[in-house]
Each structure stands twice: as structure tokens, then as C-alpha cells.
Amino acid sequence: MSIASQDAGIRTGRVARTFIYLVLLLFALFYLLPLYVMLVNSVKPLSEITGGGMMSLPQVWTLEPWAKAWSTAQIGVEPTGLRPYFWNSISMVVPAVAISTILGALNGYVLTKWRFRGDTILFGLMLFACFIPFQIVLIPMAAVLGTLGLSGTTAGLVLVHLVYGIGFSTLYFRNYYAVFPTELVRAAQIDGAGFFRIFWRILLPSSGPISVVCVIWQFTNIWNDFLFGASFASGDGAPMTVALNNLVQSSTGVKEYNVHFAGAILAALPTLLVYIVAGRYFVRGLMAGSVKG
Amino acid sequence: MGFLDIDNATKSYGAVEVLHKVDIAVEEGEFLVLVGPSGCGKSTLLNMIAGLEDITSGEIRIKDQVMNGVHPSKRNIAMVFQSYALYPNMTVGQNITFGLEMHGVPKPERDKAMADVAKLLQIEQLLDRKPGQLSGGQRQRVAMGRALVRNPDVFLFDEPLSNLDAKLRVDMRTEIKKLHQNLGTTIVYVTHDQIEALTLSTRIAVMNGGYVQQLGTPKEIYDTPANLFVATFMGSPSMNLLPVKIVAEGDTLLAETTSDAGAPVRLAVHAPSDALKSFAGQTVTMGVRPEALTDVDGADQRSTHVERFSNTVTVTEPAGSDTFVTTTIGGVECIARMRADTDARPGQPSEFAVNMEKAIFFDPKTEDRIV
Ligand SMILES: Nc1ncnc2c1ncn2[C@@H]1O[C@H](COP(=O)(O)OP(=O)(O)OP(=O)(O)O)[C@@H](O)[C@H]1O
Ligand SMILES: [Mg+2]
């Protein structure tokens with residue numbers, strides 16, 4: 001990989017290189033523009049925005065919109081801000097990501113190292129989960145949650161995301177473990193390690209990159225989900241995305257764009273953080289298996 | 001009853017039978033080598049002994065205990081894999097003691113066992129490293145350490161040297177042999193390298209196509225191969241196989257062929273068996289190892305029966321200690337092993353000596369040796 005790109009780098013001339021960087025810079029600016037707009041408008045008073053200065057830096061800097069979005073904005077019945085919904089999302093996303101990742105790893109382990117008759121078909125069926133559009137399952141899922149007595153609860157939402165997430169997490173781990181040497185498992189068997197011991201002591205310690213990929217993927221998807229949150233969570237139990245929508249859509253009074261911008265950034269912050277912290281593992285993990293060594 | 005009994009063991013994958021009624025009894029302290037070309041079922045048989053593959057039919061017993069269905073960790077065996085299979089996330093020390101830990105051996109005992117093995121294999125300074133920081137030869141040692149520390153009844157090796165470079169392979173070969181001599185353990189060792197098989201083993205099972213072709217000591221396998229497959233597979237350069245006509249002349253039996261000039265070459269057979277006599281008048285295949293086909297001065301001094309003939313040399317290949325000389329007899333290219341300073345020259349006629357004590361005969365139809 002790196003050698004190939006180095007070679008290409010040496011061969012391209014200086015002019016071409018400058019051109020490439022210019023184009024890249026342009027793209028970067030293009031993508032950063034919305035972020036810029038959101039940031040500057042979230043720290044200026046509403047009057048400056050309605051006065052038509054969308055692109056300009058604030059004349060008066062203020063953190064008030066952030067404070068308001070977080071703790072006092074009117075979203076539900078009470079003026080609570082986004083704070084309770086943020087915790088709703090956290091208490092949904094953490095168990096959903098953790099459990100789907102662990103189950104995905106276990107599935108991948110079984111599907112590659114404890115093969116059984118029909119395992120490929122089973123895996124194919126699990127992959128289906130990655131391709132079923134969300135809308136199709138809304139009504140059956142509501143019925144299932146109702147039967148289980150989980151309608152409108154965070155636990156119910158966790159279950160929905162779990163079911164949807166396992167397809168992807170299984171896919172990731174299965175492909176990762178498929179190239180994991182089976183001889184290691186056999187050696188561990190001879191050494192006397194059982195099913196779970198082999199998993200904990202041999203496979204999991206070597207699964208860092210793929211776990212990061214899986215966690216990032218699940219976290220982003222579940223955190224950003226709107227449809228399931230809007231369908232299966234009731235009022236106070238709604239996740240962040242639904243609350244943000246309610247904040248922005250609220251029809252009473254003036255539209256406080258600065259508060260909306262601050263709220264939107266707050267809603268995006270956790271995923272951003274996950275990417276910044278674990279991003280380089282993400283790329284490394286995606287490459288793992290595709291390139292040897 | 002042997003120490004390790006493989007009793008009519010068969011292995012099938014679905015409808016395909018890849019091992020056919022393998023029957024081998026291994027004595028305690030024996031070094032059995034399974035050798036054969038790729039895909040002949042060596043690893044499958046080894047994995048069946050280890051318990052990593054089921055036995056389709058037949059039985060495998062260790063110390064008279066039936067092992068069919070017994071978990072690998074309960075068989076008191078240890079295995080060294082071709083890829084070494086060292087746990088990448090553990091240090092060398094942890095790799096070596098993992099098996100003991102899994103068997104519930106207390107830490108002080110584990111550490112003592114590890115220290116002993118590390119000393120034996122001279123890997124004491126590597127104990128804190130990860131496998132990724134070791135050279136191939138060091139990994140090999142660690143893999144052997146992991147097997148030794150358990151003090152198993154049977155050691156299983158699956159092509160343990162095939163990932164090493166030529167020099168290291170020879171060194172490790174000697175080391176494994178020393179280890180076996182010092183510890184007296186029972187070993188089953190898989191390789192496709194016939195030199196490894198001959199140098200290491202006390203007995204060899206030559207396999208092909210899921211059948212054991214011959215089971216015997218290295219000398220038996222080398223000197224009296226049971227059939228043409230074993231004859232050509234073992235030995236390098238491989239055995240010369242000449243079509244000869246068997247002619248009875250009074251009391252003596254002659255093997256007749258022609259030199260490249262078309263002159264008859266008549267070689268008296270040494271101590272002919274009755275079976276061979278019954279082939280009189282027919283063409284059979286005579287097998288002569290390159291070292292039994294030499295220049296006259298290089299012929300085995302202890303042999304009581306050396307025949308000579310003259311033939312043209314086609315190619316000479318000096319190989320340092322010997323010179324390999326190619327010549328065509330009876331329309332077949334043969335390789336003779338001559339002294340390094342032989343005066344055989346390509347295109348020139350030369351005198352050849354055949355050690356008839358070492359000549360063997362095969363039935364060209366069944367490909368079995370005529371005994
Ligand atoms: N899971 C399987 N399903 C079907 N056939 C198999 C399976 N595993 C092995 N075989 C077949 O069994 C035969 C023996 O395989 P085995 O691995 O024992 O060969 P080997 O002698 O160890 O060869 P090598 O020297 O290449 O390692 C081969 O023909 C192989 O194709
Ligand atoms: Mg093999």
C-alpha cells in the first residue's frame with residue numbers, strides 16, 4: 001500500500017502535485033463550510049442572524065444559545081433543553097453497541113472456527129439484515145415490542161437496534177476471523193482451552209481494529225437514527241435526534257436559529273468525538289484482511 | 001499392543017474417502033515419520049491422532065485407551081504446527097505455559113516448568129518477547145517448548161521445518177533428533193521431505209493417495225522399497241529404473257539390456273529369488289540407486305558382486321563431494337554417482353560398475369517388488 005502510493009508520488013510532477021493539493025483544499029473547504037456556518041451562528045445573538053449576517057463572524061460572542069439548547073429550550077412539555085434526551089440516547093446507544101458488537105464477534109467466531117452444516121446459509125440470512133429497508137419492519141417490530149411489553153421504552157429501542165446491528169457486526173467479525181489462522185484455535189484446543197476461553201484469550205485480544213470499526217459503525221448508525229426513535233420511543237423517552245427535530249420544528253414563538261445550530265452541534269458531537277478518537281483505527285481496520293501483512 | 005495404535009483408521013469427507021484403512025502400531029520412544037507427496041493424507045492422519053479430526057471408522061488408541069471421541073486436550077498429546085501457531089497476543093513465556101494454565105497447574109510449578117524448557121531449548125532470553133519479534137528459528141523453538149512443557153505421551157509434528165531456510169532446517173533437524181535421543185519421547189512427525197524422513201525416523205510410513213505404501217525402518221524403505229512409488233519417492237537423486245530382460249543361463253540368472261552403442265549388457269543377478277526366476281524370458285524393471293552405479297574404482301569394496309560394462313557418458317554434474325554422471329542404458333537415462341575426481345568426460349565412453357547386491361527388481365505390471 002504505502003510503497004505503491006510513494007511510487008506514484010515520486011512519479012507525479014510538482015505542477016500536478018500542486019494542482020492536486022489545490023483541488024483537495026477546495027473540497028475540504030466545501031465540506032467544512034456547513035460546519036463553519038453552524039459554529040459561527042451558534043455563538044452569536046439571534047438578532048445578528050436575522051439581520052442577514054449568516055456568513056460573517058459574530059460581533060458579539062455569546063454562549064447563551066448553547067446553554068439554552070442544552071438545558072432550557074422548550075422541547076417537550078417542560079423547558080428542559082436537550083439534556084435529558086442526550087442521556088436517553090446514551091442509555092440507548094451504549095448497550096446496543098456493546099451487545100451487538102459482542103454478539104457479532106461471537107457469531108463471527110462460530111461461523112469461521114466452529115463450522116457446522118448450513119453455516120454459510122445462516123450467514124447469508126444474517127446478511128439480509130443489512131439490506132432490509134427500515135420502513136418495512138416498522139409495523140411488525142411495533143407488534144413484537146408490544147407483545148414483549150417493551151413499547152415506548154429505551155429497552156425496546158435497544159432491542160430494535162440490536163437486531164438490526166447484528167447483521168453488520170457479524171459480517172465484520174466473520175470476515176476478520178476468516179483470515180485468522182485456524183491452527184491457533186487448534187493449538188489452543190490441544191492446550192485445553194474451551195470454546196469461551198479460546199474466544200477471550202486468543203481471538204478477542206487480536207480483534208482490536210475490527211472492534212473499533214464495528215463500534216464506530218454501530219455508534220454512528222444508532223446515534224443518528226431518527227426513524228426508529230420517532231416510531232418506538234414516546235415523548236420523554238425520545239432520543240437526541242427526535243428531540244432535536246422537535247426543537248427545530250416547534251411552531252411556538254420565534255425561530256431561534258442560533259439555538260438550533262447549537263443543538264445540532266450538540267447532537268453531532270458524540271459521533272464526531274468517536275471518529276476523532278478512533279478514526280485512525282477505523283481506516284486500519286477496514287484495510288485489515290484486504291491487504292496481507 | 002503398541003504405545004500408539006492406529007487400527008484400520010479410515011477418514012471420509014462426505015462420500016470421498018481420503019484415508020483407507022491405515023494400520024500402524026507405534027512403540028514407546030519411537031520416532032515415526034509419515035512421508036508422502038502433497039495431499040496424500042499425512043496431516044489428516046496426524047489430526048486424527050490429535051483429535052482435531054473425527055475418525056470415520058477404525059480406532060486410535062494411546063496406551064491402550066481408545067481415543068475416538070476423546071477431546072484433544074484429554075489425550076495427553078502435544079502438537080507443533082507448520083505455522084508454529086504461537087498466540088500472537090502473548091509473550092513467549094505465556095505461550096509456553098498457556099497449556100499448563102488451562103490444565104490448572106499452579107503458577108510456581110508453571111514457572112519452574114517454563115524455566116526448565118527454556119533452558120533446554122536455549123530460549124531463556126526470549127521469554128518476554130512477543131512471537132512477532134522472533135526469527136523463524138526462534139519461533140520454531142518456542143513452538144517446541146510449548147509442546148515439551150506439557151510432558152505429553154506423544155508428540156505430533158506437522159511439517160515443523162518447512163518454513164525455515166535450508167541451513168536452519170538442517171540445524172533444527174539435528175536438534176530435534178538430539179531432543180528425541182535425550183528425552184526418549186514418542187514422536188509422530190509429518191513431512192514431505194524424504195531426507196528429513198530418512199535422517200530423523202526410527203520408522204517411516206510412506207503414504208500415497210490415502211494408502212500406506214510401506215511401513216519400515218529407514219534402511220528397509222531405502223534398500224528394499226515395496227513398490228515403484230516408494231522406490232522413486234525416497235532417495236535423491238531417485239533410483240534408476242531400467243527395463244531388463246531376465247534370462248536363465250544354467251545356474252545363473254542374467255538381467256539383459258543394451259548399451260547406448262547397441263551392444264548387449266548382461267548383468268548376473270545376485271542371489272536370485274525363486275520369484276524372479278519365474279520371470280525368465282520376461283521384461284522386468286531393475287532398480288539401481290545412483291550410489292550402486294559407479295566408476296570402477298568407486299565401487300563398494302565390501303560388495304561381493306560387482307558387474308561392469310562400458311557406456312558413453314552424456315552429462316557430468318560435479319556436486320563437490322561427488323560427480324553425478326548421466327548415461328543412457330537400455331534407452332533410459334540413468335544417473336551414476338562417481339568420485340569427485342572421476343575422469344568420465346561427456347561424449348567419451350567410460351567404465352561403469354554396478355553393485356548387484358543392491359539391485360532390486362519390480363514387476364512392471366503390478367509395480368510391486370519381486371521377492
Ligand atoms: N475438509 C476437507 N474436505 C474435503 N477434503 C479434504 C478436507 N481436508 C482435506 N481434504 C482432502 O484430504 C486429502 C488429504 O489432505 P491432507 O491435508 O491430509 O494432505 P497432506 O498429506 O497433509 O498434504 P500436504 O503435504 O500438502 O500438507 C487431500 O486430498 C485433501 O484434498
Ligand atoms: Mg499437510
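Visitor: How many salt bridges cross the interface of domain 1 of chain B and domain 2 of chain B?

Guide: A salt bridge is a side-chain nitrogen of Lys or Arg within 4 Å of a carboxyl oxygen of Asp or Glu. In this predicted model, the rule finds one across that interface. The side chains of B:K358 and B:D223 form a salt bridge, at 3.6 Å from N to O.

Visitor: Which elements give two or more residues to the side of domain 1 that touches domain 2?

Guide: Helices are DSSP runs (H or I, at least four residues), numbered from the N terminus. Here they are α7 (218-223) and α8 (228-233) of chain B. The largest share, four residues, comes from α7(B).

Visitor: What area is buried between them?

Guide: Buried area is the accessible area (1.4 Å probe) that two parts lose on being put together, summed over both. Between these domains of chain B it is about 690 Å². Carbon and sulfur atoms give 58% of that. In domain 1, B:Y222, B:D223 and B:L228 lose the most area to domain 2, together 62% of what that side buries.

Visitor: What should I know about the numbering and the model?

Guide: Residues are numbered from 1 along each chain as its sequence is written, and chains are lettered from A and ligands numbered from 1 in the order in which they are written. Local features need pLDDT of at least 70, side-chain atom pairs count only at pLDDT 80 or more, and totals for chains, interfaces and linings use all residues, while side-chain values use heavy atoms, with hydrogens and water left out.
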